[in-house]
Amino acid sequence: MSPLADSTLRLHGHVLLVEGNVVNQLVARTFLEDLTMRVSVVDNGRMAVNRVVQETFDLVLMDCQMPDMDGFEVASLIRERQRENVLTQRLPIVALTANAVECDRARCLAAGMDDFLSKPFNREQLASVLLRWLPQPDASSIDVRALDALRDLPGGRGPQLVNKVIDAFLADMPARVGQLRSAAVVGDAAALRMAAHSLKSSSGFVGAQRLVSLCKELEAIDSGDVAERAPTLLLEVDSEVARVIHALTSQRANST
């Protein structure tokens with residue numbers, strides 16, 4: 001059996017599904033959630049452009065045929081936002097097309113899309129595309145350049161400082177995550193924002209950029225949306241925290 005057909009396959013990340021057909025939405029969302037992806041859904045191109053500017057996504061699944069603005073135009077606008085530095089990271093865009101002939105493939109690539117998936121598709125085909133473009137789970141969860149900047153401080157004190165910063169971060173992080181959870185349980189958006197802001201700033205100093213992005217999303221949650229949005233984000237925080245601990249522990253060992 002192909003590993004992609006394994007029902008236990010679990011992927012990580014946040015996908016924006018841009019799909020105007022409610023049946024296609026339901027099927028795609030079910031496959032994505034079965035793969036343990038976090039999914040946001042919009043049904044038109046203008047909403048898609050707004051969402052990628054406001055939130056952090058790991059990949060976009062883009063319906064090519066939508067009434068207000070087709071997927072090719074939406075992809076071009078997203079790439080334009082990147083050139084303007086409104087979006088700071090390149091976002092993989094996978095076209096969802098009912099007619100995957102060679103000319104459509106060329107048109108997808110010309111519009112700035114990275115790949116395409118022909119409808120109807122199954123769970124295995126979707127998983128194959130996601131694995132090509134999503135960040136790999138075993139990839140480093142920290143940008144070591146943040147720690148290297150400390151290591152390179154003059155006077156030879158850099159390596160010792162790196163160890164102190166890592167130790168302080170690892171000691172403080174459980175309390176910050178606990179504050180996030182407590183705020184989410186009682187629906188306290190203000191406390192959630194305060195805890196997320198604190199964890200975001202310290203995460204940035206150790207280069208935990210994915211954790212920074214998750215904290216930004218937690219900071220942006222409105223009072224009425226805490227119960228709906230916070231639990232899913234906190235599950236991602238837990239997974240990312242485990243990867244960051246592993247990466248920082250390795251960095252500390254390398255500094256001794």
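These legends accompany several close-up views of the predicted model shown above. Residues are numbered from 1 along each chain as its sequence is written, and side-chain values use heavy atoms, with hydrogens and water left out. Because this is a predicted model, local features need pLDDT of at least 70 and side-chain atom pairs count only at pLDDT 80 or more, while totals for chains, interfaces and linings use all residues.

**View A. The largest nonpolar core has 31 residues.** A nonpolar core here is a set of buried Ala, Val, Leu, Ile, Met, Phe, Trp, Tyr and Cys residues joined through side-chain atoms within 4.5 Å; buried means under 20% relative accessible area, exposed over 50%, and partly exposed in between (1.4 Å probe, protein chains only). Phe169, Leu180, Leu192, Leu211, Leu218 and Leu248 touch the most other members. At least two residues each come from helix 7 (158–186), helix 8 (189–205), helix 9 (209–219) and helix 10 (226–255), with helix 10 giving the most, 9 residues. Helices are DSSP runs (H or I, at least four residues), numbered from the N terminus. Apart from this core lies another, of 23 residues, including Leu16, Val18, Ala95 and Met113.

**View B. Leu211 and its contacts.** Leaving aside residues up to four places away in sequence, Leu211 touches Phe169, Met173, Ser203, Val237, Glu240, Val241 and Val244. Contact means heavy atoms within 4.5 Å.

**View C. A nonpolar patch lies on the surface.** Val22, Val23 and Val27 make up this patch, and together they have about 260 Å² of accessible area (Shrake-Rupley method, 1.4 Å probe; for residues, only the protein chains shown count as cover). Patch residues have over 30% relative accessible area and no salt bridge, with like charges joined within 9 Å and nonpolar side chains (Val, Leu, Ile, Met, Phe, Trp, Tyr) within 5 Å; a salt bridge is a side-chain nitrogen of Lys or Arg within 4 Å of a carboxyl oxygen of Asp or Glu. Val23 sits in helix 1 (residues 22–34) and counts as exposed because its relative accessibility is 54%.

View D. A search of the whole structure finds 0 disulfides, a disulfide being a pair of cysteine sulfur atoms within 2.5 Å. Cys64 is buried at 1% relative accessible area, and Cys108 is buried at 2%.

**View E. Ala168 in helix 7.** Ala168 counts as partly exposed, at 47% relative accessibility. From C-alpha to C-alpha, Ala168 and Glu124 are 43 Å apart in space, and they are 44 residues apart in sequence.
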